[in-house]
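Here is a short report on one protein chain. Keep the sequence and the model side by side while you read.

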Amino acid sequence: MADFELKIRSRDIGTLLRKIKNSNPDIDLAVIQKAYLFANAAHEDQFRLSGEPYIVHPLEVGLILAEFKLDTDTIAAALLHDTVEDTGTTLDMIEKVFGREVAQMVDGVTKISSIKSRTKATAQAATLRKMLLATVKDVRVIIIKLADKLHNMRTIMFQPPETQERVARETLEIYAPLARRLGMSKISSELEDLAFRVLEPDAYNDIKNSIAQRNTELEAYLDNVRNLLLERLRSLNIDAEITGRAKHYYSIHKKIMEQKKSFEEIYDIRAIRIITSEIRDCYGVLGVVHTLWSPIISRFKDFIAVPKSNMYQSLHTTVIGPDGHRLEVQIRTHKMHATAEMGIAAHWLYKEDPGALKKNNRTLAFLKDITQRPADLRDTREFMKNLKMDLYDNEIFVFTPKGKIIKLPAGATPIDFAYAIHTQVGNTTVGARVNNAMASLKTKLKSGDIIEIMTSKKGHPSESWLKLVASPGARNKIRSWLRRQLEAELKTAEEEKHRDEKRQEDKSGKDDKTVPVAIPQDEQIKLKSISRQKKTGITVNGASNVLIRLSQCCQPIPGDDVVGFITRGRGITVHKRSCPSLKRLSGEPERIINIVWEGSPDTLYPIKVAVEAIDRPNLLKDVADEISLGKTNIIKAEAHVQEGKHAVFKFILEVRSNDHLKEIIARLRNIKNVTDVYKLNEKVILK
């Protein structure tokens with residue numbers, strides 16, 4: 001602990017200014033110092049759990065970004081990034097002193113304040129979405145956030161155990177993959193190892209100790225490889241740096257778990273990295289490596305000719321090296337190496353045009369796709385699920401018949417390919433040829449495949465496609481088409497209703513109420529009103545009205561937690577969320593919408609109730625009297641007396657809400673000889 005405190009005290013604003021001065025002389029040091037003084041005053045008397053002054057945290061975040069040679073505004077924003085969230089500072093104050101760009105970056109990384117209507121998970125999802133939206137406009141927002149997360153993970157040992165686990169899991173599932181998708185492997189690898197140490201300390205220590213025991217032997221082997229290569233490269237006048245490639249603890253752990261191998265089997269693979277000055281030298285080095293040792297052809301990948309979507313470029317090859325050991329080799333230029341470690345942050349290292357980064361950056365394409373999807377934050381799980389799918393995508397590279405390269409996630413099918421070409425191509429796909437042979441739309445594509453899509457004007461997506469595609473973009477386009485189709489079907493139902501009102505009646509649903517409902521924004525369906533009857537108390541977030549029916553299988557009433565199921569041609573049926581009938585509809589999630597009750601006190605709902613009792617004189621009269629005292633009407637009644645004087649009464653009652661129904665049931669249960677009261681069709685005894 002003492003060593004840690006000494007380290008903290010020795011790193012002050014002078015440390016940051018010296019680092020910047022040595023690595024990036026273009027930075028305006030006066031602005032950085034002003035931002036530090038502003039933040040220091042705002043955080044005065046605030047301390048971290050470690051006992052250190054709070055200002056140490058933003059200072060450390062600034063130092064991380066200084067290593068990446070970020071610009072003046074970004075480092076200033078890093079120093080100020082917690083002032084709005086944790087102090088009385090406002091964004092207007094920051095904009096007035098430091099300008100709009102700094103204020104916007106600070107706003108992008110500031111959490112959305114929790115409110116009573118939000119759960120913690122929903123608030124976190126809202127904050128994450130806000131940050132991603134800001135990142136699409138200015139990538140520096142996510143760079144600041146990742147540096148912030150990195151320092152928090154470096155000092156996570158001061159947090160309570162439950163907080164450590166929650167933050168570490170969030171880091172491993174969201175922020176480390178996000179950093180990797182942005183090409184920032186230096187940050188992502190450290191975040192993974194720090195989270196791994198918290199979540200699985202025993203496995204972490206086992207791997208750490210095993211590596212320490214093997215390092216001497218491994219270094220001797222790699223020194224021999226390095227000397228052999230350097231001698232051959234000098235003879236060809238090729239300058240190159242050769243280093244052993246560090247294996248990160250978490251990456252080793254993942255391979256052990258995925259490949260079901262021991263540490264010795266995984267770590268037996270030796271790895272080196274060769275860095276040159278020119279692209280042409282990369283291919284020259286590749287030739288030398290393949291001349292010295294036999295290559296494993298299936299293990300060669302050219303990411304220079306075909307870069308990954310996160311800008312990563314390198315040649316990868318695996319050879320049978322000295323003593324018969326497999327040797328992994330990466331070959332790249334200095335600029336490629338910087339991009340591999342720093343990803344999108346390498347832009348500032350090479351002082352490229354900042355305007356070009358904002359206007360045309362393929363690395364951010366997946367973020368744009370995420371942030372353009374429906375944004376109803378009540379569906380937190382769906383948002384997080386889609387985000388994780390985007391973050392964890394492994395890539396394959398396939399070709400059009402004309403030789404154009406298309407990048408797709410691993411597990412992609414011809415349907416993913418079709419939508420990657422164009423939305424209309426995807427929507428009219430009827431078949432595919434893979435490598436000149438007919439193939440099912442279920443076929444899993446492999447890198448190098450040549451795909452030809454067959455289309456037809458009569459072709460269209462089906463709900464089964466949602467289970468076949470691997471790319472969130474394709475899935476989103478399929479859903480959009482299905483929703484438009486539902487809209488068209490509901491419009492047809494409206495027209496039929498106006499042509500023949502009687503045809504809309506259903507013998508089994510005469511007791512159903514028709515009420516207006518509006519489609520929520522997350523469904524992205526806009527419908528014209530097809531019901532002009534009196535409003536009876538149900539609304540859905542939004543503005544459009546459609547035909548709605550109350551399900552008779554569970555008989556929902558105000559107070560019940562309900563959802564809507566969009567039918568074909570008959571509007572929307574409302575079910576209790578716990579309704580068993582919804583289980584058979586679970587395979588069609590696109591038809592489920594969120595519904596809330598307005599709770600009009602004048603609206604009455606028909607509910608079927610059963611009363612069981614031991615028969616006696618005046619029993620039915622007493623039951624009817626209690627129902628009347630409960631201020632409700634009996635629409636229909638049936639009475640049966642079975643053997644053993646077991647009486648069963650069935651009623652259809654009009655009630656205002658769930659509370660009203662519970663009041664009536666409580667009255668009925670207090671009647672002499674009554675043994676049970678419950679809603680029919682549901683078989684759940686209300687208490």
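This is a predicted model: local features need pLDDT of at least 70, side-chain atom pairs count only at pLDDT 80 or more; totals for chains, interfaces and linings use all residues.

## The antiparallel sheet

Strand S18 (residues 605-614) and strand S20 (residues 646-655) are antiparallel partners, joined over 10 bridges.

## The mixed sheet

Another open sheet has 4 strands in the order S13-S15-S14-S16. Here the pairing is mixed. The edge strands are strand S13 (548-550) and strand S16 (592-594), and each pairs on one side only. From one strand to the next, the twist averages 35 degrees.

S13 and strand S15 (residues 572-576) run parallel, joined by 3 bridges. Within this pair, Ile548 stands opposite Ile572 in S15.

## A hairpin and its other neighbour

Strand S9 (residues 429-434) has two partners to look at. With strand S10 (residues 437-439), S9 runs antiparallel over 3 bridges. Arg433 stands opposite Met438 in S10. S9 and S10 form a hairpin with 2 residues between them. In the turn, Asn435 has a positive phi of about 55 degrees.

S9 also pairs with strand S11 (residues 451-455), in the antiparallel sense over 5 bridges. Val434 faces Ile451 in S11.

## One side of helix H14

Which residues of helix H14 (residues 249-259) are buried? They are Tyr249, Tyr250, Ile252, His253 and Ile256. These residues lie on the same side of H14, because they cover an arc of only 160 degrees around the axis. The general rule is that an α-helix has 3.6 residues a turn, so residues three or four places apart point the same way.

Just after H14 comes Lys260, with a positive phi of about 50 degrees.

## Nonpolar cores

The largest nonpolar core holds 75 residues. Leu16, Leu65, Ile75, Ile143 and Met184 have the most contacts inside it. Leaving aside residues up to four places away in sequence, Leu65 touches Leu70, Thr74, Ile75, Ala78, Ile143, Ile144 and Ala147.

A second, separate core has 30 residues. Leu486, Tyr605, Val611 and Val655 are among them.

## The chain as a whole

The protein chain has 26 helices and 21 strands. Of its 687 residues, 50% are buried. Among contacts with a separation of 6 or more, 66% come from residues 24 or more positions apart.

The accessible surface of the chain comes to about 34,500 Å². Carbon and sulfur atoms account for 50% of that surface.

Key:
Residues are numbered from 1 along each chain as its sequence is written. Side-chain values use heavy atoms; hydrogens and water are left out. Buried means under 20% relative accessible area, exposed over 50%, partly exposed in between (1.4 Å probe, protein chains only). The arc is that of the directions from the helix axis to the C-beta atoms. Contact means heavy atoms within 4.5 Å. Accessible areas come from the Shrake-Rupley method with a 1.4 Å probe; for residues, only the protein chains shown count as cover. Two strands pair if DSSP finds at least two bridges between them. A nonpolar core is a set of buried Ala, Val, Leu, Ile, Met, Phe, Trp, Tyr and Cys residues joined through side-chain atoms within 4.5 Å. Axes are lines fitted to C-alpha atoms, for helices over the stretch in contact, and angles run from 0 to 180 degrees between N-to-C directions.
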